[in-house]
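Open the structure in your viewer and keep the selection tool ready. The tour goes stop by stop.

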Amino acid sequence: MITRLLVANRGEIARRVFRTCRSLGVSTVAVFSDPDADAPHVAEADLAVRLPGARPADTYLDIGRILDACRASGADAVHPGYGFLSENADFARAVLAAGLVWVGPPPAAIAAMGSKIAAKRLMAEAGVPVLPSLDPAAPGEFPVLVKAAAGGGGRGMRIVRGPDELAGEVESARREAAAAFGDGTVFVEPLLERARHVEVQVLADRHGTVWALGERECSVQRRHQKVVEECPSPGISPELRARLCEAAVRAARKIGYAGAGTVEFMVLGDRVAFLEMNTRLQVEHPVTELVFGVDLVRLQLDVAEGAALPPAPPEPAGHAVEVRLYAEDGDYVPQSGVLRRFEVPGEVRVDSGVESGSVISPHYDPMLAKVVAHGSSRARAVRGLVTALRRAKLHGLTTNRDLLIKILTNQDFLAGDTHTGFLSPTGPLHDDGPPREEPPGDLPVLAAALAMAAANRRRARVLASLPGGWRNVRSQPRRARFEQAEIVYDPLPEGVTVVAADPGRVILERDGVRHTFEVARYEGDETIYVDHAGGGLVLTPVPRLPEPVEQVPPGSLLAPMPGSVSRVEVAPGDRVTKGQAVLVLEAMKMEHRIAAPADGVVSGVHVEQGQQVDAGAVLAIIQEGNP
């Protein structure tokens, strides 16, 4: 029996495993890098061990230090979570060699699926349909998909639509794969456009029983990483579901699988093609848990302890939808900094690695939480999820909440018509052209203005009982100016009355309907956060007397986030064309290409390969035109 379990991971998945361990009476051990010293997963564990390392991003990849942590803490079992070492057969072997219980599949099964190239050959032998592998130097057809042979999560993956792009994208994919997984091997296969990404959850014991716990729809993706997942898929017929589940069971049996895993497929019409097998628990496992009424982590522990599964899995009930809430802007650029407030209300499941006050580091994936809703129907699950997202209080960092709501309320999504190009420039969310910044409604802005006025009066040292800006004879209306909007709040807009106005809460009535707004500000941050039933609004007041700001030269390319310069593509004096790569920034294990905004000449390069830069740093300067 397992008595003390170490989770060789961090954040949300560590907390998820700890939750099951607490219910079973299993003691828990966390490991942490220096940036994670105050993280919630560290505080929640019974014991925690620091993993020293020069590069925080590599800390959780150090097998020797993790085994040292097991010895120091007295752990007798290891759960790898997902990512990092979870699909590393050498790590599994080292855990077993140390006399510990490995909560995962046999090392031989991990190794069999560890290379997607070898995995495709094995699956073909097992009768699982696969796509052909193409020559990376001359594929003979386009578009194609360049993929990392190891790992997952969209890293080391590139779409190539023509021969001119091929060599550069293959090299970029190799670098990113090597940085993320320690293996830069890539391969090329045909790209099935507008296909669905569908995966089957499998669970196997060591006595010959293999379950297929239905399928998950994972087609809505950005940067080849899943954003929305649901169970069951709205676009899969019962006959196709049976084919997928049968193929997944064949795949698991072929490699002698045990534990929880996922077999992924591309589905285009009736065509099914094996994509990969993830020999670990998936990020999106909660939707399966809610529909089938199981605890997959508990079942992982049962299998690791030698228990046998019942002959057949439980029957599914209802529908579950999950969204991944990221700290990122509208261009999918990761954000880092302090998460001032994190609250998600409603009858939803929230699996998160953060809480109010958490610091989001540039070293790791920017996912804040998985928000999951379950309902008797797909429509009810989606409705509950949209309501929870709109009422969430997310302060301090830009998030993808608005994008998630836009996806969940899109007519194509509601009709179940999703595919891997859903978020592409030609997808249904972009049919009306690029997203526009809509002016915020006047009531939330008015609430912010009234809350600011109330806060100013509360801080007043004299005549605090008088309204702010009071005059015997009014000369002009009182206005509040924000970068996003401007509003007159005295006199009030026609038809609006103030029921209550305090620094943190404003109630307004318009045409007999009351609207409540919660308003928040934080020390050292002038930003105003307005939350209400319809969503959240972030406003930045325009100072009456602006402070002087540092000017940057015209044509400066600024770092969009903190990161490391992985490659510099140009030198001073080089001519560049619009869209040409100037340099590549690595952040959160992803490569971010910094391109020339226009044709011109490189007048200066301010960084070098390997240099760490802060957000906003000048990287290079492009002088436009033909100087």
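In which loop is Asp511 found? Select the stretch between strand E24 (505-510) and strand E25 (513-522); Asp511 is in that loop. Bear in mind that this is a predicted model. Phi of Asp511 is near 50°, a positive value in a residue other than glycine. Asp511 is exposed, with a relative accessible area of 69%.

**Next: Phe84**

Select Phe84, in the loop between E4 and H5. Phe84 also has a positive phi, near 50°, and is not a glycine. At 31% relative accessibility, Phe84 counts as partly exposed.

**The aromatic cluster**

Five aromatic pairs turn up in a search of the whole structure. Tyr60 sits in the loop between helix H3 (56-59) and helix H4 (63-73), and Phe84 in the loop between strand E4 (77-79) and helix H5 (89-97), so the pair ties together parts 24 residues apart in sequence.

Tyr60 and Tyr364 are both buried; the relative accessibility of Tyr60 is 0%. Tyr60, Phe84 and Tyr364 form one aromatic cluster.

**Charges over rings**

Go to Arg222. Its charged end sits over the ring of Tyr326, 4.1 Å from the ring centre. Then select Arg378, whose charged end sits over the ring of Phe413, 4.6 Å from the centre.

**Helix H9**

Select residues 238-254, helix H9. At 1.5 Å a residue, its 17 residues should span 24 Å, and the end C-alpha atoms are 24 Å apart, which agrees. Buried residues of H9 include Leu240, Leu244, Ala248 and Ala252. What do the buried residues of H9 pack against? Show helix H7 (116-125) and strands E9 (196-204), E10 (210-222), E12 (259-268) and E13 (271-278): these are the packing partners. Just after H9, Gly256 takes a positive phi of about 65°.

Zoom to Pro232, in the loop between strand E11 (225-231) and H9. The Cys231 to Pro232 peptide bond is cis, with omega about -5°. Finish at Pro143, in the loop between H7 and strand E6 (144-148). The bond from Phe142 to Pro143 is cis, with omega near 0°.

Note on methods: Residues are numbered from 1 along each chain as its sequence is written. This is a predicted model: local features need pLDDT of at least 70, side-chain atom pairs count only at pLDDT 80 or more; totals for chains, interfaces and linings use all residues. Side-chain values use heavy atoms; hydrogens and water are left out. Rings of Phe, Tyr and Trp (its six-membered ring) pair if their centres lie within 6.5 Å; planes under 30 degrees apart count as stacked, over 60 as edge-to-face and the rest as tilted. Helices (H or I, at least four residues) and strands (E, at least two) are DSSP runs, numbered from the N terminus. Buried means under 20% relative accessible area, exposed over 50%, partly exposed in between (1.4 Å probe, protein chains only). A charge sits over a ring if NZ of Lys or CZ of Arg is within 6 Å of the ring centre and within 35 degrees of the ring normal. The expected span of a helix is 1.5 Å times one less than its number of residues. Contact means heavy atoms within 4.5 Å.
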